Amino acid sequence: MSLNYPILADIDEDYADYLLQLNQDDENIRFVAIMNIADEEQTELLAWLQHAVLHDSASKVRELAATRLEGWEDATSLHTLAQALSDPHENVRTAAAQSLSEIKHAESADHLATYLQHQNDFVIASILRAIRELRAEPLFETILEHVQHRNALVRKEAVSTLCWLQKQEGLATLAHIAQHDVDTEIRRTATGGLAATQVSTPEILSALHSSLTAEAWQLRVEAALTIGKLKVLDLEQPLLQQLDDPYWQVRIAVARSLGLLKSKAAIAKLQENFQHDISNLRKEVAIALGEIGGESAQHVLLQHAEDPDPEVRKSIRIGLALIQEKQYVS
């Protein structure tokens with residue numbers, strides 16, 4: 001890498017001194033110059049930031065320039081950042097990936113699509129992360145290929161991007177990943193992505209049940225929440241069994257979902273959880289009982305109206321109000 005910052009045509013004379021600073025041997029002078037150039041926020045000066053990212057000999061200058069290109073979505077800036085993902089220094093690669101992750105315009109995905117065929121796994125993963133929230137449907141098939149990638153980092157970003165697309169055609173793949181991937185975090189992401197389904201197919205039900213009974217408690221939490229979002233009555237009984245889960249985090253998710261399912265069968269088990277030490281669980285139980293409604297749920301809430309925790313007592317009042325509202329409407 002070298003200096004040789006280019007002369008920019010037709011720039012304001014007030015910026016002329018920057019070129020002298022950029023071509024100094026002292027990297028600290030160049031660092032300050034790049035900082036000041038970025039602060040100008042002028043399109044006509046972008047070429048210097050882009051040159052710094054790819055050609056400055058000091059990694060700290062390249063890192064700064066990559067960081068300050070965040071928010072610029074012209075084609076040259078996007079390609080510059082994508083190329084910087086292969087920089088020999090990790091701090092530069094990370095800065096470029098972070099800047100790319102902030103892109104907002106759907107058309108930016110078109111400029112970055114070619115890098116999904118790169119030989120470098122970090123580049124592929126970073127581009128997948130960058131386009132995730134853009135919901136780039138034309139890249140569906142390419143994204144689908146990467147969910148089977150040998151590298152877990154790439155698979156994780158591909159699965160997350162596939163979830164964001166919310167395409168029904170991708171749900172069978174997500175169900176398979178949720179049940180069979182060797183990486184727990186990837187399984188958790190895929191399980192959450194199943195919430196986009198419009199039809200609870202046998203494959204999706206099997207995947208949710210598998211995740212609900214998985215060894216990793218984080219996966220059980222995700223499955224319980226997804227079942228509640230989908231209101232999958234077919235999994236009410238497996239969900240009920242998880243109210244005895246050794247992890248209170250799982251019980252909270254289960255209670256929330258049983259409330260959404262209006263599960264009358266859950267009332268007795270929910271009452272047992274009013275004895276748990278974790279106040280956040282008792283709060284969730286109170287709201288769930290309010291969502292379920294009916295005399296039995298109301299009786300349980302009244303029994304525990306004097307809970308020692310004020311936040312739990314507040315949730316009990318909310319639960320009782322929900323039941324009264326249902327009674328009034330009916």
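This report describes domains, helix packing and backbone angles in a predicted model.

## Basis of the model

The model is predicted, local features need pLDDT of at least 70, side-chain atom pairs count only at pLDDT 80 or more, and totals for chains, interfaces and linings use all residues. Residues are numbered from 1 along each chain as its sequence is written, and side-chain values use heavy atoms, with hydrogens and water left out.

## Domains

The domain assignment of the protein chain lists domain 1 (1-102), domain 2 (107-165) and domain 3 (214-329). Such bounds come from an automatic or database domain assignment. Taken over C-alpha atoms, the centres of domain 1 and domain 3 are separated by 54 Å.

## Helix 2 and helix 4

Helices are DSSP runs (H or I, at least four residues), numbered from the N terminus. The axes of helix 2 and helix 4 cross at roughly 5° and come within 9 Å. Helix 2 is therefore roughly parallel to helix 4. Here axes are lines fitted to C-alpha atoms, for helices over the stretch in contact, with angles from 0 to 180 degrees between N-to-C directions. Roughly parallel covers angles under 35 degrees, and roughly antiparallel covers those over 145.

On the helix 2 side, the contact (heavy atoms within 4.5 Å) is made by E27, N28, R30, F31, I34, M35, A38 and D39. The helix 4 side supplies K60, V61, L64, A65 and R68. By residue class, this contact holds seven nonpolar, one polar and five charged residues. Nonpolar means Ala, Val, Leu, Ile, Met, Phe, Trp, Tyr, Cys and Pro, charged means Asp, Glu, Lys and Arg, and the others, Gly among them, count as polar.

## Helix 18 and helix 19

Helix 18 (residues 279-292) and helix 19 (residues 295-303) have axes that come within 8 Å and cross at roughly 150°. These two helices are therefore roughly antiparallel to each other. Their crossing is left-handed, a term used if the near helix is turned anticlockwise from the far one by less than a right angle.

A286, L289 and G290 of helix 18 meet A297, V300 and L301 of helix 19. The residues of this contact divide into five nonpolar, one polar and no charged.

In helix 5 (residues 75-84), S77, L78, T80, L81, A82 and A84 are buried, that is, under 20% relative accessible area with a 1.4 Å probe and protein chains only. These buried residues pack against helix 3, helix 4 (59-68), helix 6 (90-100), helix 7 (108-112) and helix 8 (121-131).

Helix 13 (residues 202-212) has I204, L205, A207, L208, S210, S211 and L212 as buried residues. Their packing partners are helix 11 (171-180), helix 12 (184-193), helix 14 (217-230) and helix 15 (236-241). P202 also lies in helix 13, but P202 is exposed (over 50%), with a relative accessible area of 64%. The C-alpha atoms of P202 and R155 are separated by 24 Å and are 47 residues apart along the chain.

Most residues other than glycine have a negative phi. D10 has a positive phi, near 60°. D10 sits in the segment before helix 1 (16-22) and counts as exposed at 78% relative accessibility.

E41, which is not a glycine, has a positive phi of about 50°. E41 is placed in the loop between helix 2 (27-40) and helix 3 (46-55). With a relative accessible area of 59%, E41 is exposed.

Notes
Parallel < 35°, antiparallel > 145°, perpendicular 65-115°, else oblique.
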